[in-house]
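Please work through the exercises below with the sequence and the coordinates open side by side.

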Amino acid sequence: EAEELSRQAQAAFPHTSHCLGSGEILISCLGDPAGNGKGAGNPQEPPWVGISKIPKTSLGWDLQTPQTSLEFPDFWAGLYGQHINVWDWSSHCLRQQLDLGRGSVPLEIRFLHHPQACQGFVGCALSGAVQRFYKCQDESWAVQKVIEVPNKKVQGWLLPEMPGLITDILISLDDRFLYFSNWLHGDVRQYDISDPTRPKLVGQVFLGGSICKGGAVTVLEDQELQEQPEPCVVQGKKVPGGPQMLQLSLDGRRLYVSTSLFSAWDRQFYPDLVREGSVLLQLDVDTERGGLRVNPKFLVDFGKEPGGPCLAHEMRYPGGDCTSDIWV
């Protein structure tokens, strides 16, 4: 219960759970009961059954993110996170902090699936970068920027430049492809990571977003596109919002995409999404050459729920999926 978590561990805002190979469950908490953005419980508290004695970090994923609207000056002021924290799980000690740069806002971390591959990727929301992290010969960890989505110069938006806002990434089970969602620009991308140090863009599709034709935003300068993308329409419904959480089938052929991030951010950037509810879409994946295509027959519309429009966020497969931690 929340009261037990608060009283025994001085932790609150539980965010993500992971099943560990040891049989234990790791639960990340965004802050403490007072609303401070601490990464874990108070180290002065004695350990108790089920909760380990773990030192604090300055932020836990990012406490401020789900509670408030997005204020861009706060990023540059250092109020959001910019590190990957490397923990020694056996001793529960913080071994290293990898600095990804001020204003980077790293959200999702994915390891390669191969058990001997001591490397992975992290999506940095605001900087529009995907960074590879890897283990060095001296047992330390390092990072390398391998993908960068350039800002677009725009008119009719709250800033003169619009970042992509990478909100989710995942890796196919065979470690061949990396996918990420670009929530503000509106596209989902597929990269061939056969060489993890040099990802190659092989698939891209737009599922709404803030720069579609006919909207309030005019793109003045774009380093990637020749023209603004068309709105995404599936089964007669114009998709509100932008692509957000991702989930890939085990065979790598079906990529599912939801459109809601946080209610506060949804309301700020996509008010139609709050009024109409989010959707769930399916992309068909070319697993041979690479490539993405919207499945025109698949649409789950959460705007038609009995209690009114809903903002659906996360997806999971029964029995395990490409973001699962362990396999039974």
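Predicted model: local features only at pLDDT ≥ 70, side-chain atom pairs only at ≥ 80, totals over all residues.

**Exercise 1. State the mean pLDDT of the protein chain, and say what holds for residues 40-55.**

Step one: the mean pLDDT of the protein chain is 86, and 87% of its residues reach 70 or more. Step two: over residues 40-55 the pLDDT is below 50, although this stretch has 28 contacts in the model beyond near neighbours in sequence.

**Exercise 2. Describe how strand β19 pairs with β18 and with β20, and decide why β19 is largely enclosed.**

Step one: β18 (residues 246-248) pairs with β19 in the antiparallel sense over three bridges, and glutamine 247 stands opposite tyrosine 256 in β19. Step two: these two strands form a hairpin with five residues between them, and in the turn glycine 252 has a positive phi of about 80°. Step three: β19 is also joined to β20 (residues 279-285) by five bridges, again in the antiparallel sense, with arginine 254 opposite aspartate 284 in β20. Step four: four of the five residues of β19 (residues 254-258) are buried, so this strand is largely enclosed by the rest of the structure.

**Exercise 3. Locate histidine 313 and work out which partners its side chain has.**

Step one: histidine 313 lies in the segment after β22 (300-301), and it is partly exposed, with a relative accessible area of 28%. Step two: once neighbours within four places in sequence are left aside, histidine 313 is in contact with Gln244, Met245, Ser258, Ser260 and Leu261. Step three: its side chain makes a polar contact with the side chain of glutamine 244 at 3.2 Å, and the side chain of histidine 313 also reaches the backbone oxygen of serine 260 at 3.2 Å. Step four: phenylalanine 262 is 51 residues away from histidine 313 along the chain, yet their C-alpha atoms are separated by 8.2 Å.

**Exercise 4. Find the residues with the most contacts inside the largest nonpolar core, and list what leucine 165 touches.**

Step one: this core has 24 residues, and those with the most contacts inside it are Trp157, Leu165, Trp183 and Leu184. Step two: its largest share, three residues, comes from helix α3 (residues 263-269). Step three: not counting residues up to four places away in sequence, leucine 165 touches Ala125, Leu126, Ser181, Asn182, Trp183, Leu184, Leu261 and Trp265. Step four: a second, separate core of 20 residues includes Phe177, Val205, Cys232 and Leu283.

**Exercise 5. Is aspartate 175 buried or exposed, and what is its phi?**

Step one: aspartate 175 sits in the loop between β11 (166-171) and β12 (177-182). Step two: its relative accessibility is 15%, and buried means under 20%, so aspartate 175 counts as buried. Step three: its phi is near 65°, a positive value in a residue other than glycine, whereas most residues other than glycine have a negative phi.

Note on methods:
Residues numbered from 1 in each chain as written. Heavy atoms only, no water. Buried < 20%, exposed > 50% of the residue type's maximum accessible area, 1.4 Å probe, protein only. Pairing = 2+ DSSP bridges. Contact = heavy atoms within 4.5 Å. Polar contact = N/O pair within 3.5 Å; in protein donor to acceptor, adjacent residues only side chain to side chain. pLDDT = per-residue confidence, 0-100. Core = buried A, V, L, I, M, F, W, Y, C linked by side-chain atoms within 4.5 Å.
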